[in-house]
Amino acid sequence: MDSARNTVGGPVVDVLSRYEPAGPAEAADARRVRELAAGGGDPWLRSTPLHTTASALIVHPPTGRVLLRRHPRQRSWLQVGGHGDPGESDPASIALREAVEETGLGDLKPWPDASLLQVVIVPVAAGRGEPAHEHADLRFVFATDAPDAARPENPEAPLRWLTVAEALEIAAEANVREALRRVARLLDQGGPAPAGGPATRL
């Protein structure tokens, strides 16, 4: 067994071992994230120039809609998610906690399963006392049966339910639009993994 899986980065290594990137750019990002997680340190530490984050694309499958959050710092419509708290190490659990905190949706479940949707390294500009750095973001999909129960965490971060087409129009970042396209394929196919999805199921 890979000794890296016994470290705090082990859950990240495990998730990536079951994931097949879509193309060379995502493969390069996945390699960097795996190296970070297998290096023996804590990949979730915010003090490092590159650290892991986890995020969630929330969907309501019956209506084919996706929930986006206006991010005040980046001034963009993005998926929900963020940093791990001290002691946390499982990417899907962190994505779920962040999703519940930022939307108030208490019934979220992995959809169509707990597989990774996307891995991408995104640059983050300096601000709020932090230097410029990078997020190694691991993205998952969760579904709700109660879309009307969504409530923003604060007034500066409104939430919007959108069709994927509408979400693609307002999402400014190419990596987010790619995540939305993968979600669209999942919704169209009723759940099977899209190209660039997991090599095996959890």
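Leaving aside neighbours within four places in sequence, Glu 102 is in contact (heavy atoms within 4.5 Å) with Arg 69, Val 80, Gly 81, Arg 151, Pro 152, Glu 153 and Leu 159. A polar atom of the Glu 102 side chain lies 3.2 Å from the backbone nitrogen of Gly 81. Such a polar contact is a pair of N or O atoms within 3.5 Å; within protein, one must be able to donate a hydrogen and the other to accept it, and residues adjacent in sequence count only if both atoms are side-chain atoms. Glu 102 counts as buried because its relative accessibility is 6%. Buried means under 20% relative accessible area, exposed over 50%, and partly exposed in between, with a 1.4 Å probe and protein chains only.

The model is predicted: local features need pLDDT of at least 70, side-chain atom pairs count only at pLDDT 80 or more, and totals for chains, interfaces and linings use all residues. Residues are numbered from 1 along each chain as its sequence is written, and side-chain values use heavy atoms, with hydrogens and water left out.

Glu 102 belongs to helix 3. Helices (H or I, at least four residues) and strands (E, at least two) are DSSP runs, numbered from the N terminus. Helix 3 covers residues 91–103, and its 13 residues reach 18 Å from the first C-alpha to the last, close to the 18 Å expected at 1.5 Å a residue; the expected span is 1.5 Å times one less than the number of residues. Its buried residues are Pro 91, Ile 94, Ala 95, Arg 97, Glu 98, Ala 99, Glu 102 and Thr 103. They pack against helix 1 (10–17), strand 1 (50–60), strand 2 (65–71), strand 4 (80–82), strand 7 (133–143) and strand 8 (159–163). Just after the helix, Gly 104 takes a positive phi of about 75 degrees.

Strand 2 also pairs with other strands, where pairing requires that DSSP finds at least two bridges between them. Strand 2 runs antiparallel to strand 1, with 3 bridges, and His 60 has Arg 65 in strand 2 as its bridge partner. The hairpin of these strands has 4 residues between them, and Gly 64 there takes a positive phi near 65 degrees. Strand 2 and strand 8 are antiparallel and joined by 5 bridges; here Arg 69 stands opposite Leu 159. A further 3 bridges join strand 2 to the antiparallel strand 3 (residues 76–78), in which Ser 76 is the bridge partner of His 71. Strand 2 and strand 3 form a hairpin with 4 residues between them, and Arg 75 in its turn has a positive phi of about 55 degrees.

The nonpolar interior comes next. A nonpolar core is a set of buried Ala, Val, Leu, Ile, Met, Phe, Trp, Tyr and Cys residues joined through side-chain atoms within 4.5 Å. The largest has 30 residues, and those with the most contacts inside it are Val 33, Ile 58, Leu 116, Val 119 and Leu 138. Helix 1, helix 2, strand 1, helix 3, strand 6 (118–124), strand 7 and strand 8 each give two or more residues to this core. A second, separate core of 21 residues includes Val 164, Ala 171, Val 176 and Leu 180.

Helix 2 (residues 24–38) holds Glu 26, which counts as buried because its relative accessibility is 6%. The Glu 26 side chain reaches the backbone nitrogen of Ala 22 at 2.7 Å.
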